[in-house]
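User: Can you walk me through this one? I'd like pockets first, then the sheet.

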Amino acid sequence: MKLYPIEAGNFKLDGGAMFGVVPKKIWNKTNPADANNLIDIAARCLLIEDGNKLTLIDTGMGNKQSDKFFGYYSLWGDESLDKSLAKYGFHKDDITDVFMTHLHFDHCGGSVNWNHDKTGYEVAFKSANFWTNKNHWEWATQSNSREKASFLNENILPMQESGQLKFINRTEGDFLTTSELDFGIFFADGHTEKQMLPHINYKGKTIVFCADLLATAGHIPIPYVMGYDTRPLLTMDEKAKFMNAAAENNYYLFLEHDAHNEIITVEKTEKGVRLKEVFKCEDIF
């Protein structure tokens, strides 16, 4: 098995929204804001090469939205999904599986492109299965008013229309070891219904793709919960369970949204679970 970090682009989000009730005076120390109160955010995806399978976890925002839409997110840098795949000798057509932690636009937008003449949409990965779970699919396609702006039909429905959409066979409980893919899955419902966090066994280490349960290294303390979460109290319970397990088992936490810290480990202290070490992906992979 080989792992590759895939940088799908960088953007900015409001720091207050990213940290909820935590005062700016505190979060600005770890995630400094610009003059517009915006903080740096990454869309760092992960590619797993295992035999003949190439599984891509999340796909970033994509590039099919309007300039007005992207203007809300202050795109920066020159990273892109295509360029990052090419860096390691891959193309979208090589991908066999696309696993989506959840269907918010910044996690699945790159799964769908405009068609050739821009009259409609088509899947960006012609040979891939697109993996989600039934509970989350129904949540996303019958969206509540709070998340409606994050679940965009053009990002989601073409996967079903292509015939390439697959559902994870979920069992009871919050952790699933799946034979369908190369990793276990931790389910979390606080951010959105049935978000999925892959746990990958790699060279004696457990690599966890943290998605939006742990957005950045600055979010490690349990009360530091995003304002975007639909059930923040549930997020805190899930996060406490997850972070304690991460400290006890020395998980290597792959941060999708932290533009400056790629992989971290955590440890238990008198103040609770806190940052232990920071790594570049190249140090681990």
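User: What kind of model is it, and what do the values use?

Analyst: This is a predicted model: local features need pLDDT of at least 70, side-chain atom pairs count only at pLDDT 80 or more, and totals for chains, interfaces and linings use all residues. Residues are numbered from 1 along each chain as its sequence is written, and side-chain values use heavy atoms, with hydrogens and water left out.

User: How much space lies in the largest pocket?

Analyst: About 360 Å³. A pocket here is an open set of points on a 1 Å grid over the protein atoms alone, with protein on both sides within 12 Å along at least five of seven lines. Grid points are joined across faces, edges and corners, and a volume is the space filled by probe spheres set on the points.

User: Which residues lie nearest its centre?

Analyst: Ala8, Gly62, Asn63, Glu79 and Ser80 lie nearest the centre of the largest pocket, out of 22 lining residues. Lining residues have an atom within 4 Å of a point.

User: Which element gives the largest share of that lining?

Analyst: β1, with four residues. β1 (2-14) and α4 (81-87) each supply at least two. Helices (H or I, at least four residues) and strands (E, at least two) are DSSP runs, numbered from the N terminus.

User: And by class?

Analyst: The lining of the largest pocket has eight nonpolar, ten polar and four charged residues. Ala, Val, Leu, Ile, Met, Phe, Trp, Tyr, Cys and Pro count as nonpolar, Asp, Glu, Lys and Arg as charged, and the others, Gly among them, as polar.

User: How much space is in the second largest pocket?

Analyst: About 310 Å³. The second largest pocket is lined by 17 residues, and His104, Phe105, Asp106, Ser150 and Tyr228 are the closest to its centre. β1 and α5 (105-108) each supply at least two residues of that lining. By class, the second largest pocket is lined by nine nonpolar, four polar and four charged residues.

User: How many cavities are there of 30 Å³ or more?

Analyst: One. A cavity is a set of grid points where a 1.4 Å probe fits but cannot get out. The largest cavity has a volume of about 50 Å³. Its lining has five nonpolar, two polar and three charged residues; among them are Asp212, His219, Tyr224, Asp229 and Lys239.

User: Now the sheet. What is the strand order?

Analyst: β9-β10-β11-β12-β13-β14-β15, an open sheet of seven strands with mixed pairing. β9 (175-177) and β15 stand at the edges with a single partner strand each, so one side of each has no neighbour in the sheet. The twist averages 30° from one strand to the next. Two strands pair if DSSP finds at least two bridges between them.

User: Take β11. Which strands does it form hairpins with?

Analyst: β10 and β12. β10 (residues 184-188) pairs with β11 in the antiparallel sense over five bridges, and Ala188 stands opposite Gln195. Six residues lie between β10 and β11, and Lys194 in that turn has a positive phi of about 55°. β12 (residues 205-209) is joined to β11 by four bridges and runs antiparallel to β11. Tyr202 has Lys205 as its bridge partner. Two residues lie between β11 and β12, where Lys203 has a positive phi of about 50°.

User: Is β11 mostly covered or open?

Analyst: Mostly covered: seven of the eight residues in β11 (residues 195-202) are buried. Buried means under 20% relative accessible area, exposed over 50%, partly exposed in between (1.4 Å probe, protein chains only).

User: What about the β15 end?

Analyst: β14 (residues 263-269) and β15 (residues 272-279) run antiparallel, joined by seven bridges. Thr269 stands opposite Gly272, and the hairpin has two residues between its strands.

User: Where are the other positive phi values?

Analyst: Ser74 is one, with phi near 45°. Ser74 sits in the loop between α3 (67-71) and α4 and is partly exposed at 26% relative accessible area. Asn250 is another, at about 55°. Asn250 lies in the loop between α8 and β13, and with 31% relative accessibility counts as partly exposed.

Technical notes
Axes are lines fitted to C-alpha atoms, for helices over the stretch in contact, and angles run from 0 to 180 degrees between N-to-C directions.
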